[in-house]
Amino acid sequence: MKRFARLDGDGICALFELGEGAPVLLHLGAPVSDNSESIRAATSRGLHENEPDVLSRPDLLPVEGGGFLGTPAIELLRDGKAIPLNFVLERSANEGPVLEFRLGDKANGVTLTLRWEAISEGVMAMSARLLNSGSASFGIARVASLSLPLPGWAGHATRYAGRWAGEMRETTGPIERGAVSSDSRGGRPGFEGGNWLLAHEQSLGAETGQVLGMHLAWSGDHIALLERSADGAAQVQMGARFDHGEVILEPGESYEAPPVHLGFSANGRSGLANRFAMHVRQKVLPERAKWPARRVHLNSWEALSFDMDEASLKRLASDAAALGIERFVIDDGWFHGRRNDRTSLGDWTVDEGLFPDGLGALADHVIGLGMDLGIWVEPEMISPDSDLYRANPDWCIHQDGVERATQRNQLVLDLTIPEASEHLYARLNTLLSLHPITYVKWDHNRPLFPRAGKGIAQTEALYALLDRLRVAHPKVEFESCASGGGRVDYGILGRTHRVWPSDNNDPIERLRIMEAWGQFLPPEVLGSHVGPSPNPITGRRTDMDFRAKVALFGHMGVETDPAAMDEHERTVLAVHIAYYKEWREVLHTGAMHQLDMGDDRAFGRIAVANDGARALALIARTDFAAEFLARPVQLAGLDNEATYKVSLLEPWPAKASQYVGRGFDWRAGIDLTGRFLQSSGVSIPLVHPETAWLLEIEKL
């Protein structure tokens, strides 16, 4: 067997030393051309006085025993007891962009295949396949899709955690000794954010510093671990979470762990974000290259809630079309018996009391206005007060003899029951077949409890249902929503067209939330809506100009009633909708750069067209600045040698506009080189709270 194995991708390289046990990681990061023996020599060390006589090396499969005192990457059970494992490397195979290692424990009848693939520029995918190659069954307590010894330069980490309406809050700091783990237990990734992680140099900036980004592409429960030993070695593990007895492998059976997507950049946060964005566009999203332009939405929920009927929806649709909106989405309340959130989930037929002729007349009205039609569903849930539950009370996930606890007055439909999944498919297929619906908002508003040992199987059944519906209705777009950002991952995005980042449309909160999600996801999959003022969650009042500018940097939509706006607000919103249409190709196909603002209450992003000819920047401030003379905003992603015309798009923030520099015309634009714009920057009035500006940059 060879002594070394390596996997070279575009912008990323992994080098391993091979021996009797699991492969040892010698290098992960920027491409290198050095001799493998030389790299081994450069990374080797001797024993110190207080460790086992056999040197512990940073390998891909740490297991209990042999002197390893950290968290093992794999734990198997037989007769309720942990199996002592001793893996031997049986085979290493490198075929093009794929590198596989097969490890076996013949005494226990266990075979594990670790697969690494250079899948996109700067991105690799890792997975694990576990096979029962013996004669006795065993259960899985833990198997990491990725078990990664971190490079020495990656001494700091950025972790994510949040809550409903406050998703993806970042915590950055050194990787301390001990273990920090994050897991979800509600049948979805949840708001904890643990399936997203950065490991990086201390000096990580928007455009500088080495960084690794990791994500478990799985829509169910997960475990993520960040651990540093007493000796200083650090590791990351990511994988699906198992309940005791949930997955039992009989002889000959196998389990395929969900993949982890790992990205590397030596160009800071923006470099990594753009690599992940291109990866998602090319490898994750279903047929992304064939998508039409991302249409502006109006969702009926904040405007009407449950107080809807055909007449009110027609009026709302007409008001939406007058603003330039292109898609009208009917939210919760359209189906049989649904007058509040206590009833009828599962009864997915049009309510004839609200729509005497079905959805046909409303659909004709919406399409006649030049918009297409979308609809809300929550198929994975069932209300105890529903025809479906009364007919099939055991189709919910439950434990016999235990009270069926509800949340939001609903239970979880057990998709692992074939009859339940078939019924659901039939209802949704009929809905989409009978009506000209081109968009489905697929919600998931409560966690799975009790789990009843069905967490993994429920997720796999969801995937199968979505796959089947997409085959039957290939022109329908699907959105994944789970009380906002409770189920955002590459697994669900492989079957949908966008996610709902948060139920919170407050623009101050959304600036932070969108920046965090934007580290891993391209803007065209992040729903970004203009909400009402005051905001229904935070109670904060904000100007339409501020709300509209913030919403523009994503997949733009509106979640409020135009009739509740005054004429000025409608005019401002219509102008920004027009800007979105003008710029969405740049926003949704170009490179996005986060700007170093030097202030955690100021936000800056710039989208640069692929040909470099145009760019649009959003510059925003959320609070009242400590200093009147804010530092100039340094742009990014531009050509140093080119000259650009830079202008401030109107409307301008009313209070802040009086501080715009005089003596030249920011409306017509001023000419500056890319070098000046990136090194010195431009002075933008950023003193007042809730202020946002749009900078148009065009190469001359």
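A: The term "buried" comes first: a residue counts as buried under 20% relative accessible area, as exposed over 50%, and as partly exposed in between. Please bear in mind that this is a predicted model.

Q: Which residues of helix 7 are buried?

A: An α-helix has 3.6 residues a turn, so residues three or four places apart point the same way. In helix 7 the buried residues are Ala420, Ser421, Leu424, Tyr425, Leu428, Leu431 and Leu432. Viewed down the axis of helix 7, these buried residues fall within an arc of 130°, so they line one face of the helix. Pro418 and Leu434, on the other side of helix 7, are exposed.

Q: Against which elements do the buried residues of helix 7 pack?

A: Their packing partners are strand 24 (372-377), strand 27, helix 8 and strand 28 (477-480).

Q: What span does helix 7 reach from its first C-alpha to its last?

A: Helix 7 has 17 residues and spans 24 Å between those two atoms, which is close to the 24 Å expected at 1.5 Å a residue.

Q: Are Arg468 and Glu422 buried, exposed or partly exposed?

A: Arg468 has 37% relative accessibility and therefore counts as partly exposed. Glu422 is also partly exposed, with a relative accessible area of 39%.

Q: Which strands hold the partners Lys645 and Asp671?

A: Lys645 and Asp671 form a salt bridge whose closest N and O atoms are 3.1 Å apart. Lys645 lies in strand 35 (residues 643-648) and Asp671 in strand 36 (residues 670-673), so the pair ties together parts that are 26 residues apart in sequence. Lys645 is partly exposed at 29% relative accessibility, and Asp671 is partly exposed at 46%.

Q: Which residues do salt bridges with shared partners join into one network?

A: The network consists of Asp183, Arg185, Asp221, Arg241, Asp243, Glu246 and Arg451.

Q: What is the case of Glu287 and Lys290, and are these residues buried or exposed?

A: The closest N and O atoms of Glu287 and Lys290 are 3.3 Å apart, and the two residues form a salt bridge. Glu287 counts as exposed because its relative accessibility is 54%. Lys290, at 65%, likewise counts as exposed.

Q: Which residues make the nonpolar surface patch?

A: Phe624, Phe628 and Leu629 make a nonpolar surface patch of about 410 Å². Leu629 is in the loop between strand 34 (614-621) and strand 35, and it is exposed, with a relative accessible area of 75%.

Q: Where are the prolines of the cis peptide bonds Phe449 to Pro450 and Ser533 to Pro534 found?

A: The omega angle is the value to inspect. From Phe449 to Pro450 the peptide bond is cis, with omega near -5°; Pro450 is found in the loop between strand 27 (437-442) and helix 8. Ser533 and Pro534 are joined by a cis peptide bond with omega of about 5°. Pro534 is in the loop between strand 30 (527-530) and helix 11 (544-552).

Q: What phi values do Ser305 and Ser344 have?

A: Ser305, although not a glycine, has a positive phi of about 50°. Ser305 is found in the loop between helix 3 (301-304) and helix 4 (310-322) and is partly exposed at 27% relative accessible area. Ser344 is not a glycine either, and has a positive phi of about 80°. Ser344 is in the loop between strand 23 (327-330) and helix 5 (360-368), where it is buried at 3%.

Q: Finally, is Arg547 buried or exposed, and which residues does Arg547 touch?

A: Arg547 lies in helix 11 and counts as buried at 5% relative accessibility. Not counting residues up to four places away in sequence, Arg547 touches Pro507, Val530, Gly531, Pro532, Ser533, Thr542 and Glu569.

Definitions and conventions. Residues numbered from 1 in each chain as written. Predicted model: local features only at pLDDT ≥ 70, side-chain atom pairs only at ≥ 80, totals over all residues. Heavy atoms only, no water. Salt bridge = Lys/Arg side-chain N within 4 Å of Asp/Glu carboxyl O. Buried < 20%, exposed > 50% of the residue type's maximum accessible area, 1.4 Å probe, protein only. Helix = DSSP H or I, 4+ residues; strand = E, 2+ residues; numbered from the N terminus. Patch = residues over 30% accessible without salt bridge, like charges linked within 9 Å, V, L, I, M, F, W, Y side chains within 5 Å. Areas by Shrake-Rupley, 256 points an atom, 1.4 Å probe, with all protein chains shown as cover. Expected span 1.5 Å × (residues − 1). Arc of directions from axis to C-beta. Contact = heavy atoms within 4.5 Å.
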